[in-house]
Amino acid sequence: MADGAVGPRLYCCFKCRNPVSCHDDIVSKTFRANNGRAILFSHAMNIILGPKEDSRLITGVHTIADVYCSECGELLGWKYWKAYEESQKYKEGKIVLENRKIVEENW
C-alpha cells in the first residue's frame, strides 16, 4: 500500500478491536436492537454463534442465534437463520450487529 493509503473499512468489537465485518458487507443501517440502532450485514467474521432459538422480534417470529466476538466473547448481535414471514425472508443468513457494540476502523 502506498504511503497515506487507507485500508479497508472494518467494523470491530468495541471491547477488543477484533474485526468482525466489512463496510462493503452492509445491507442496511436502519435496524433496531433492544438497546438502540443496529446494522444488518451480509457476512461476518471472527464470530462464534450461540444456539438457534425462535424469537419474537418487532417484525415477527424468526429463528436466530446470538453472535459473539471470537476473541473476547462479547455479545455483539444475532444471526437470522429463518424468517417465517415471506416479507422477512431476505434476512435469512444475515447478521445484525448493534451499533453500541462495534466500532468502525480503517485497516
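Q: What share of the contacts with a separation of 6 or more comes from residues 24 or more positions apart?
A: In this predicted model, such residues account for 47% of those contacts in the protein.

Q: And the secondary structure, how many helices and how many strands?
A: The protein has zero helices and nine strands. Read from the N terminus, the order of elements is β-β-β-β-β-β-β-β-β.

Q: What box do the C-alpha atoms fill?
A: Taken along the principal axes, the box is roughly 50 × 25 × 20 Å.

Q: How much of the protein counts as buried?
A: 40% of the 107 residues do.

Q: How many residues line the largest pocket, and which lie nearest its centre?
A: There are 23 lining residues, and Arg32, Ala33, Asn34, Leu57 and Trp78 lie nearest the centre.

Q: How does the lining of the largest pocket split by class?
A: The lining has 10 nonpolar, six polar and seven charged residues.

Q: Back to β7. Where is Tyr80, and is this residue buried or exposed?
A: Tyr80 sits in strand β7. Tyr80 counts as buried because its relative accessible area is 3%, and the cut-off for buried is under 20%.

Q: What does Tyr80 touch?
A: Leaving out residues up to four places away in sequence, Tyr80 touches Phe31, Leu40, Leu57, His62, Thr63, Ile64, Lys91, Glu92, Gly93, Lys94 and Val96. One of these, Leu57, is also among the residues that lie nearest the centre of the largest pocket.

Q: How far is Tyr80 from Ser21?
A: Their C-alpha atoms are separated by 16 Å, and the two residues are 59 residues apart along the chain.

Q: What about Arg56, where is that one?
A: Arg56 is in strand β5.

Q: Buried or exposed, Arg56?
A: Arg56 is exposed, with a relative accessible area of 68%; the cut-off for exposed is over 50%.

Q: Now backbone angles. What is phi at Arg17?
A: Arg17 has a positive phi of about 70 degrees, and Arg17 is not a glycine. For context, most residues other than glycine have a negative phi.

Q: Where does Arg17 lie?
A: Arg17 is in the loop between β1 (9-13) and β2 (19-22). Its relative accessibility is 39%, so Arg17 counts as partly exposed.

Q: And phi of Asn46?
A: Phi of Asn46 is near 55 degrees, again a positive value in a residue other than glycine. Asn46 is placed in the loop between β4 (36-41) and β5.

Q: Why does Asn46 count as partly exposed?
A: Because Asn46 has 35% relative accessibility, which lies between the cut-offs for buried, under 20%, and exposed, over 50%.

How values were computed:
Residues are numbered from 1 along each chain as its sequence is written. This is a predicted model: local features need pLDDT of at least 70, side-chain atom pairs count only at pLDDT 80 or more; totals for chains, interfaces and linings use all residues. Side-chain values use heavy atoms; hydrogens and water are left out. On a 1 Å grid over the protein atoms alone, a cavity is a set of points where a 1.4 Å probe fits but cannot get out, and a pocket is an open set with protein on both sides within 12 Å along at least five of seven lines; lining residues have an atom within 4 Å of a point. Ala, Val, Leu, Ile, Met, Phe, Trp, Tyr, Cys and Pro count as nonpolar, Asp, Glu, Lys and Arg as charged, and the others, Gly among them, as polar. Helices (H or I, at least four residues) and strands (E, at least two) are DSSP runs, numbered from the N terminus. Buried means under 20% relative accessible area, exposed over 50%, partly exposed in between (1.4 Å probe, protein chains only). Contact means heavy atoms within 4.5 Å.
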